Every structure is written in C-alpha cells, then in structure tokens.
Amino acid sequence: MRDITKVRNIGISAHIDSGKTTLTERILFYTQRIHTIHEVRGKDGVGAKMDSMELERERGITICSAATYCDWKDHAVNIIDTPGHVDFTIEVERALRVLDGAVLILCSVGGVQSQSITVNRQMTRYRVPRVAFINKCDRTGANPERVIKQLRDKLALNAVPIQVPMGLEGEMQGLIDLVRMKAVYFDGENGDKLREEEIPAQYKEECDIKREEMLDAVSMFSDELMEAVLEGTPTEEMIMDAIRKGTLALEFTPVMMGTAYKNKGVQLLLDAVIDYLPCPTDVENFALDLDHEEAEVKVSNISSDPLLALAFKLEDGRYGQLTYVRTYQGTLKKGDSIVNVRTGKKAKVGRLVRMHSDDMEEIDEAGAGDIVALFGIDCASGDTFTSGSDYNFSMTSMHVPAPVISLSITPIDNKAQDNMSKALNRFTKEDPTFKTYVDAETLETIISGMGELHLDVYVERMKREYKAEVTVGAPQVAYRETITQRAEFNYTHKKQTGGSGQFGRVAGFLEPLEEGEYEFVDKIVGGSVPREYIPSCDKGFQKCMDKGALVGAHVTGVRCTITDGASHAVDSSDIAFQLAAQGGFKEAYMKAKPMIMEPIMKVAAEGPSEFQGSIMGSLNQRRGIIIGTNEEEAYTVIEAEVPLSEMFGYSTDLRSLTQGKAEFTMEFATYRQVPKSVAEELITKAQKKDKK
Amino acid sequence: MLKQDLIEKNPIRHLKGESDAKESSRMGLVMARAGVGKTALLVQIALDSLLNDKQVVHVSVGQSLDKTKLWYDDMFKDIAGGCKLDNAAEIHDGIMRNRMIITFNESKFSLAKLEERLHDLVQQNVIKPSCMVVDGFDFIDADRAVLEGMRDLAKTMDMQIWFSAVSTDGVDIPASGVPAPCSGMEDLFNTIVLLKPVSQSECIDLNIIKGSASVSKCGKLLKLDTKTFMIREDCK
C-alpha cells in the first residue's frame with residue numbers, strides 16, 4: 001500500500017483563458033506523462049478552449065475531464081477536474097469533495113475575474129486549501145503586484161508572494177525563490193533544466209524587503225519560526241513548515257508566478273504542491289450518517305476502518321466502464337465485496353487499477369485517501385461504496401432534488417438520434433439531477449434539470465462529445481399542484497353497454513400530506529371492497545397524481561384514504577376499481593382547494609456596489625423576495641428568492657443593467673404557492689392548450 | 001390563534017417602550033456573555049416589528065446571510081408552532097418581504113457604508129425600516145463617534161436601533177451597572193438589558209439596567225427560556 005502522505009489530490013481552477021490548458025500540458029511534460037510539448041494553437045488565444053478539446057482527442061488522454069495522474073519527486077499527484085461552469089450543481093459539490101487542495105491560476109494581466117470569485121467562494125465553503133499561481137508573466141502589461149492586491153481585496157485571501165520575478169513581460173529571465181533566497185533559471189529548449197544561482201545584485205534589495213514581508217506574515221503560524229526570525233536565524237525547513245501550516249488552516253495563500261507558455265516556474269509550482277498542499281490525512285472529510293438523518297460524521301482516514309469510497313467519475317474505456325473512486329476510509333481490496341449505498345446492491349471488486357504516467361498498474365488494494373479506478377462496477381457517479389450493508393454512511397447527500405426545469409430536444413437527423421440516446425444514457429448516470437423521458441402526448445424527448453445553465457451545459461456536451469446536434473425547445477417550468485384541505489368523495493363507476501359490465505364504488509377522502517408526495521390508506525372494514533381490488537384503487541389514485549386538474553402539473557402532497565365502497569360479484573374488476581378511484585379523486589380534488597406551486601430559486605447576484613440598487617430593482621420586478629446583502633469591499637452580493645419562471649433571460653438583463661460587471665448564480669431552493677393572479681393566468685393557458 | 005393575539009401576547013413590545021414618548025427609545029442595547037441568547041432576543045425584537053407589518057433591517061457583522069436567515073426561520077417556526085398560528089405560511093411570507101439582512105464581514109463594518117446602503121434602499125423604495133437590529137457590533141474596538149453617528153442615523157431615519165454586545169466574563173459590574181466593554185457609553189442608549197442565566201433554573205433573567213419607568217417595571221416579569229431563548233412569562 002502506498003504511503004498516503006505522499007499523495008496529493010488537487011484541482012486546478014482558472015478563469016477561461018488564463019492558461020489552464022498550457023499549464024496542465026507543462027505539468028504533464030515535466031512529470032514525463034507526455035514526451036513532447038504541443039502548443040495550443042492560435043497563439044492569440046482565440047479558440048484556445050476548442051483547441052484544448054482537440055488536443056485531448058489527439059492524445060487520447062483527458063487533460064481536463066476526469067483525473068490525470070503524474071509523479072513528481074516521489075509523490076503521486078492526482079489532478080482532478082474542477083468543473084468549468086459555476087452553476088451550483090451536484091457536480092461542483094462532488095468535485096470539491098474529492099480534492100484536498102487546489103491551485104488557483106490567475107492571469108497576470110486579467111487578474112481576479114468574476115468567475116475566480118465564485119470558484120473561490122465555493123472552495124472556501126468546502127475548506128479547500130489553495131496556492132495561487134500568477135501565469136502569463138511574459139504578457140505585455142503583466143503586473144503581479146496588482147493581482148496580489150486583488151487576491152487580498154476581492155477574494156479576501158491572505159495572499160503573500162513567495163517568489164519575485166526577474167523581469168516581466170518580454171524580459172522575464174527567471175524567478176527568485178524567497179524561501180531559499182536563490183535565483184532560479186529555466187534552461188534548455190523546454191525549460192526543463194533548472195539552474196540555481198545567487199540573486200543578481202539589482203534584485204537584492206527588493207528581495208530582502210519581500211522576504212521580510214513574507215516572514216512577517218508566515219511567522220504568525222509558527223512560534224518556532226517567530227523566535228528564529230527575531231534571532232535572525234530562520235531555516236528553510238522552518239519557513240516551509242510555517243507556510244504549510246498557514247495554507248492548511250486556510251489562513252495563508254502562498255503566491256507563485258511564472259509563465260507556463262515560456263516554460264518558467266512550473267517545476268517550482270509542482271514543488272509547492274508537494275510542500276504546501278495537504279495530503280489526504282491532513283484534511284477533514286465528513287460522511288453522512290443515513291441512519292441519523294444525514295448527520296455529519298468525521299471520516300477517520302484510517303485504512304483498517306470500514307470502507308467508505310466515493311465514485312466521482314465514470315469513463316467509457318476499451319474494457320467497459322471505468323469508475324474512478326476515492327477512498328476516504330478503510331481499504332479497497334481486490335476480491336472484496338462492496339455495497340453501493342444508493343442501490344443497496346453488492347458488487348465484487350474485480351480489477352483494481354492505479355493510473356500511472358503512461359499505463360495502468362494492477363493493484364491488490366488501495367488505502368484511505370487514495371484515488372484508483374475500478375473495472376466492471378455498475379454504478380452512477382456520486383455513489384458511495386461501503387464494506388457492508390450495516391455500515392450505512394454516504395459521502396454525498398442521498399437527497400436528490402427533483403428537477404425544476406425542462407426542455408424538449410429533437411435530434412436533427414438519424415445519426416444524431418443514435419448519438420443523443422447514448423449521450424443521455426451517460427449523462428443520467430453521471431448526474432442524478434439530470435433526468436430524461438419521452439412525453440407521452442407529444443412524443444418529444446424531454447430533458448430536465450436544475451436550471452437553464454445546467455441544461456445548456458448538457459446540450460453543449462452532446463454536441464461536442466457525442467456529435468449529436470439537437471434543436472432545443474423553449475424551457476418549461478415544472479409546476480406542481482397540491483391540495484390544501486380535506487375533501488370527501490363517494491363515486492360509483494358503472495358501465496353496462498354491451499359485453500361484460502364494469503362496476504365499482506369507492507368512498508373516502510383526500511387530505512393534505514405534510515411530508516412526502518403520496519400516501520394511500522386503506523380503512524375499509526367488513527370487506528365492502530374486496531381485498532384483491534384494494535391495490536387497484538391505489539393504482540387509480542396514483543394515475544391521477546400525474547396530472548392535476550388545474551394546469552396538468554404533477555400533484556404532490558396528497559393522502560388518499562378509502563373508507564367504504566361496493567362491488568359486484570360479476571362486473572367488478574381491477575380496471576373498474578381503478579376507474580372508480582380516478583373518478584373519486586377527480587370528484588374530491590376540486591373541493592380540496594387545490595393550488596399551484598412553483599419552483600423558487602435562491603439567487604445570488606454580485607456586482608460593484610454602485611449597481612446594488614438597480615440589481616435589487618430588477619430582482620424585485622421579477623417577483624423576487626430580497627433576503628439580504630453582503631458587503632465585501634467594493635462588491636455587494638445580493639441574495640434573493642425568485643420564482644424560476646421569472647428568471648429566464650436574466651443574465652442578459654443583468655449584464656445590460658450593470659455594464660456587464662455583475663453576474664449571478666442560482667440554485668433550487670423550494671416549492672412555493674403561486675400568487676393568485678399568476679395562478680389564474682396559468683389556468684387559462686392550460687385550458688386553452690387542452691382545447692387545442 | 002390569530003396574528004393580532006400573538007402580537008398582544010408577545011411581551012417584547014413593552015421592552016421596546018413604544019408606549020413611551022417617541023424620543024425615549026431610540027437606541028437599545030442587549031448585553032450578555034457569549035451564548036446566552038443575545039441574537040435570539042434581537043431576532044425577537046425584530047419579529048415583533050415584523051408582525052406589526054413594520055419593516056426591519058438586520059445588520060449582521062461576521063455572520064453569513066444564511067445563518068441569519070435561519071435564526072428568523074427557526075424562531076418563527078417555534079412561535080407559530082407553539083401557539084398554533086393561523087395562516088403561518090402567509091405571515092412568514094410577509095415577514096420575509098419586510099425584512100432585509102445586511103451582512104458585513106468581520107472588521108469590514110463601516111458606518112458610512114451602512115448609511116449609504118440604507119439611503120439607497122429607501123430611495124429605491126425597497127424598504128423603509130422602522131427598526132434596525134445590529135448583531136455582532138464590535139464594542140471593544142468601537143469608536144464613540146460611530147455610535148453617536150448611529151444615534152443620528154436613528155433620528156434621521158426615524159427608527160429604533162438595537163445592538164448586541166458580549167459582556168466580558170469575570171469582570172465586576174461597575175457602579176453604573178453597565179459591564180465592560182460598554183461602560184461609559186450608557187448615555188448613548190435609552191434602554192440597556194443584561195441577560196443572565198439563573199442558576200439551577202430553566203430561565204434567563206432579563207435585567208433592565210437602564211430604561212424608562214414602564215420598561216423597567218415590565219422587565220421584572222420577563223424571562224427567557226434557556227432551551228428556546230423565547231421570552232416566557234410563566235417562569236417564576
């Protein structure tokens with residue numbers, strides 16, 4: 001079993017166009033994962049993102065899709081994909097769960113951009129320690145100082161440089177390491193030969209000042225270092241130890257710089273990943289105890305404890321489905337049987353592999369904190385595996401929110417049709433919040449998910465990864481109906497026109513159900529409805545739940561109770577009682593004062609404070625309830641609850657209101673009653689549609 | 001129970017001294033050791049205004065929006081559940097509309113910013129508060145001028161402002177009765193309440209250190225329940 005302290009599970013997070021692809025390329029090159037450097041085509045940066053996709057294909061490896069592995073100085077580094085989009089979905093949560101630390105890449109010209117802010121906030125929420133890397137120091141207008149200031153102001157990070165660049169823009173020669181006080185040059189065609197020298201005289205003074213500042217900031221985390229600094233004898237180890245401590249506590253962010261494109265600084269960044277970012281046992285992870293209402297329990301990280309592992313990514317390989325798992329606790333052994341907590345199914349670990357620089361290594365076991373891949377395990381991503389069914393813990397919440405928005409998609413030709421179904425099959429496995437079905441009335445394929453952007457991402461992926469071109473319909477909000485009071489029914493279904501007749505009578509009542517969607521209660525005494533027809537009544541009621549009488553939306557929160565009924569010796573049948581139950585439901589439904597519920601989104605809009613008023617106004621207009629604001633330096637974050645139906649096209653509106661300086665994220669919050677005026681509108685619309 | 005009954009049953013309005021002359025309750029202060037129930041009392045003060053269909057601004061320093069919102073949701077649920085309030089969901093909706101939370105990161109609180117924000121809100125017609133509660137204000141490093149500014153703000157915006165302050169443990173109460181760190185500032189506040197847990201009892205004492213006659217009188221009767229941090233009258 002490999003030494004877990006020598007494993008780093010990290011993510012690389014970057015704003016578009018700050019050089020994530022190039023940097024990842026260089027990392028893979030220096031760690032000998034790949035043997036030649038291919039430039040991202042289009043040096044002006046145009047279309048860089050597409051280029052990276054092409055590159056990935058040519059290489060046959062995935063640079064930014066699942067997890068990439070490399071070895072650096074006796075340590076194993078797993079680079080895990082951090083989602084490029086910031087929409088808060090299960091996917092983001094899952095990625096952040098798997099990584100222990102992150103590298104935040106920033107462009108030395110662009111600095112901290114809005115997406116960096118959002119990603120940074122999520123990382124803070126999940127307590128992910130990070131180091132910052134200011135890339136593109138060779139670009140005209142490079143200004144690392146300004147970027148560091150932004151890191152402090154906009155991201156509220158205690159960012160302190162631990163390097164000084166020797167020259168900027170075109171003149172960049174190398175870097176000075178402030179910990180060791182050495183100048184580092186990157187020689188050779190690909191910058192792979194490191195040369196260390198004394199600091200050139202013209203940088204001496206600047207470095208002394210910067211080192212002083214760094215020691216000041218870092219000595220906060222180590223008394224030993226503080227004493228040594230006072231005595232003037234700090235050692236390299238002490239400083240590195242203190243930086244590590246501060247980084248792990250999320251109170252310090254070491255800032256490095258360089259230019260991946262010109263092959264400068266990447267090796268030092270890798271060193272920093274090893275030196276300052278946590279190994280799996282350094283961070284606390286929490287599992288959810290399913291026997292105690294998903295209470296959080298700290299994961300022990302001990303390999304001899306019961307197994308807890310999370311499947312975080314699936315990949316279709318040559319040999320079938322490859323499942324990437326991270327173990328949090330316990331040991332994953334070849335030949336063991338493991339239990340998928342979500343489905344309760346047992347599976348046997350057949351092949352267990354660790355991905356290496358250029359091949360897979362078959363292994364027999366993997367200890368806590370490791371990332372390995374399994375073959376031939378049927379599961380969805382986000383599933384938790386444990387060692388036995390009595391160990392009922394999950395790494396991710398088992399509660400999957402119901403989709404709130406849906407779109408119809410139509411493939412443009414037959415080929416696209418095939419590819420589309422492949423893609424949909426895959427996506428639904430990967431993401432439990434993404435669902436798909438065929439509408440029984442219109443025969444269209446409907447996809448549904450947690451937000452407009454969520455679905456956009458999948459439509460885009462279908463196009464790119466599966467070459468399935470589809471035309472997309474207008475988004476539909478998933479309304480729901482529910483009842484607000486108890487209502488009785490007593491319905492007789494009778495049909496005697498030719499053939500065998502149908503007869504069934506049911507009586508009972510509907511009432512609101514506080515929790516849950518549907519409940520069926522059988523209170524029949526004396527056999528007025530024969531035993532065998534009770535399930536028929538249940539079935540009949542459930543059919544009615546699919547389509548409410550108000551706007552045809554799914555009905556939830558109803559308890560159906562039957563108390564009495566009647567049957568006929570010959571004419572009663574399964575179908576007769578189903579129809580009787582349906583009739584009863586319809587009879588009582590309108591009396592039970594039904595209402596329409598709509599999905600409410602929690603919206604967080606952030607922008608410069610001067611636009612605060614207009615952002616609030618725009619949310620107000622959209623029937624939003626403003627919960628509050630959070631002041632962060634020159635930025636204001638406004639949180640509000642807004643009906644999803646009002647949020648279509650909000651990003652365009654927000655941009656034009658704020659000169660493109662504000663952006664927003666949203667996630668599903670709850671279902672709430674639709675106001676009367678809106679409800680009436682919806683009802684008339686639904687009636688019109690029915691008449692057609 | 002109807003909303004009106006709930007309002008009348010809630011003794012907190014006595015504390016706010018609204019029956020007194022208008023000028024008398026511009027600024028209030030709730031003091032206690034950490035964890036005794038300052039925020040709970042502030043939220044109750046805010047809820048009382050909200051139930052009266054008045055608008056409230058809740059300023060929270062160092063606490064997140066979600067956490068602050070949760071306080072309201074939980075307290076309202078307790079109150080509504082405890083007295084079987086009719087139309088609870090509807091009333092809760094109304095409360096949300098009339099409440100605005102402004103959070104500041106620790107050490108980022110500034111009076112100028114708050115003032116600007118409030119004026120913005122009034123101008124944009126988003127909210128016009130008649131009560132503001134300030135939770136987590138740092139009294140230890142506070143400048144007297146800031147509090148004086150707040151007092152002026154209360155006057156110009158025509159609202160009550162309630163603060164919470166952590167009283168330093170183990171320090172003797174000075175003669176004026178106001179424990180550190182707020183001693184010497186008592187003249188700025190119209191009402192000062194000190195929360196104290198009563199040993200071996202389910203209650204927390206509401207000690208009125210400063211306040212008008214009627215406020216002091218009712219203060220004797222008020223107790224907080226340690227479990228729910230709710231004001232209860234039945235506790236002897």
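Two strands pair if DSSP finds at least two bridges between them. Strands here are DSSP runs (E, at least two residues) and helices are DSSP runs (H or I, at least four residues), numbered from the N terminus. This is a predicted model: local features need pLDDT of at least 70, side-chain atom pairs count only at pLDDT 80 or more, and totals for chains, interfaces and linings use all residues. Residues are numbered from 1 along each chain as its sequence is written, chains are lettered from A and ligands numbered from 1 in the order in which they are written, and side-chain values use heavy atoms, without hydrogens and water.

**Chain B: strand 5 and its partners**

- Strand 1 (residues 27-32) of chain B runs parallel to strand 5, joined by six bridges.
- B:Leu29 stands opposite B:Phe163 of strand 5.
- Strand 4 (residues 131-135) of chain B also runs parallel to strand 5, over four bridges.
- B:Met132 has B:Ile161 in strand 5 as its bridge partner.
- From strand 4 the chain passes through helix 7 (residues 144-157) of chain B to strand 5, a right-handed β-α-β crossover (clockwise from the first strand over the helix to the second, with the strands pointing away from the viewer).

**Chain A: an open sheet**

- Three strands of chain A form an open antiparallel sheet in the order 13-12-24.
- Strand 13 (295-298) and strand 24 (393-394) of chain A are the edges; each has a single partner strand, so one side of each lacks a neighbour in the sheet.
- Strand 12 (residues 286-289) of chain A pairs with strand 13 over four antiparallel bridges.
- A:Ala287 has A:Val297 in strand 13 as its bridge partner.
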